[in-house]
Amino acid sequence: MKKREIVIFFLVDAMGWEWIKNRPFLDDCVVYKQPVKTIFGFSSAAIPSILTGKYPDEHGRWNLLFYSPEASPFRWTRFLHFLPNFLLENRVTRKLITIITKRMVKADGYFTGYVATDKLCYFDICEKYNIYRPGGISGSTTIIDYLAKSDIAHKVYSYHDYSDAQAFAALRQDLHESCQVYFAYLPELDAFLHLNADKPEAISQKLDWYEDNIRQIRDEAVGLGANVRLFVFSDHGMAPITCHYDLISELRSHRIDLEKDCIAVFDSTMARFWSKSPQVLDKIRNILADCSAGDLLIDKTLKEMRVFFPDGRYGQVIFLMKPGTLIYPNLFGKHKPNGMHGFHPDDAHSYGSFLASVSDYKPESILDLYQVMRCEIDRIGDRQDD
Ligand SMILES: [Zn+2]
């Protein structure tokens, strides 16, 4: 009888190479480790790139919010604009808006909006639907679609159904069924590093926790007599915040009215602008070109980074902060993280990680992780057909 094959993929959000390269991490479970280059953007772009093996200009997902006043699922919130600001910008109001909008468009994705409530009606969300389900990224074939089309028994875990601890527990339990491929997306390290990137001891303990859980699952699978192939990787890293920059005051000091002249989104590391007036856009470009806290991204650069969208839906003017520098204050809340990602992909802290119990693969970019998973799935399929 053929030995059971088990392939396990752990996608650990924000498990940056810089955080694990100088410490033991699963050294007894993997034989190969390396940094992997991320793409420019946040998880809303990087994870679709891992799941599809494509760049944002191919799969269409970049920043979570994109300008789309005609099709915005938040259009109805225009009827709330009569409310005083303290009611409009209230946490409860925002939560209610999210719940109602999700119901209205039958969305089950990552649905949140980091803009002022009175600007939400201009935006759509690129991850309206659960990307960890078959058909989750329309127009592209994800690795989840590929698995679903195969006749290989598999399980997928994500935050839609599980906390990280629950995903570990469920996966460990599910090993006792006859699945061959397990894919778990674990997002909680990202949230932890955002808050604690300045606390090395706490980070070390958190990484120990992930290491212990992954090891226990590996051991359980080996204990079942299976041949286990383990892959642990991430979508991007996490840079410690070393500097804050008040970009909003800078723009206002140059007489840009962020209420009337343009629509602006400040995404921690990135500022994006839309305006019907070419003069206003040029003025913003000129101000940002002189700002040493970051870089104005021209079309050529965006094309090279594979995040150029000719219709400007993700921004007609885009400004990226220098690594470690946060746009603060911003227009949304007082949240002041100690770690952030979404800086230039060349920065050391932007790199994700790849760890494997086999040395067959050398993925340079997170896009290559799709091919790694596909090869592993094909390998199982070939064995099944033998
Ligand atoms: Zn994050």
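Okay, let's start with contacts: in the protein chain, among contacts with a separation of 6 or more, 77% are between residues 24 or more positions apart. By contact I mean that the C-beta atoms of two residues, placed from the backbone, lie within 7 Å.

Before I go on, this is a predicted model, so to speak: local features need pLDDT of at least 70, side-chain atom pairs count only at pLDDT 80 or more, and totals for chains, interfaces and linings use all residues. Residue numbers run from 1 along each chain as its sequence is written.

Overall dimensions next. A compact globule with 386 residues would have a radius of gyration near 21 Å, and the protein chain comes out at 22 Å, which agrees. That radius is taken over C-alpha atoms, and the globule rule is 2.2 Å times the number of residues to the power 0.38. Along the principal axes, the C-alpha atoms fill a box of roughly 75 × 45 × 40 Å. Of the 386 residues, 43% count as buried. Buried here is 20 or more other C-beta atoms within 10 Å of the residue's own, exposed is 12 or fewer, and partly exposed is in between, with C-beta atoms placed from the backbone.

How is the chain divided? We have domain 1 (5-57 + 131-240 + 349-385), domain 2 (65-107 + 121-125) and domain 3 (241-334), with bounds from an automatic or database domain assignment. The centres of domain 1 and domain 3, over C-alpha atoms, are 33 Å apart. Where those two touch, ten residues of domain 1 are in contact with nine residues of domain 3. On the domain 1 side, helix H3 (56-59) and strand E8 (239-240) each supply at least two residues.

On to secondary structure: the protein chain has 13 helices and 16 strands. These are DSSP runs numbered from the N terminus, helices being H or I with at least four residues and strands being E with at least two.

Now the sheet I wanted to show you. It's an open one of six strands, ordered E2-E16-E7-E1-E6-E5, with mixed pairing; two strands pair if DSSP finds at least two bridges between them. Strand E2 (32-36) and strand E5 (154-157) are at the edges with a single partner strand each, so one side of each has no neighbour in the sheet. From one strand to the next, the twist averages 10°. Inside the sheet, E7 (residues 227-233) and E16 (residues 352-356) run antiparallel, joined by three bridges, and Phe 231 stands opposite Ala 356 in E16.

Two helices pack on this sheet. H9 (residues 200-223) touches E1 and E7, and its direction makes about 160° with that of E7. H13 touches E1, strand E6 (181-186) and E7, at about 165° to the direction of E1. For those angles, axes are lines fitted to C-alpha atoms, for helices over the stretch in contact, and values run from 0 to 180 degrees between N-to-C directions.

Then there's helix H2 (residues 43-52), where ten of the ten residues are buried. What covers them? The list includes strand E1 (5-12), H3, helix H6 (143-149) and helix H13 (368-385). After H2 comes Gly 53, with a positive phi near 75°.

Last stop, Glu 18 in helix H1 (residues 17-20). With 17 C-beta neighbours inside 10 Å, Glu 18 counts as partly exposed. Leaving aside neighbours within four places in sequence, Glu 18 is in contact with Gly 237, Ala 348, His 349 and Tyr 351.
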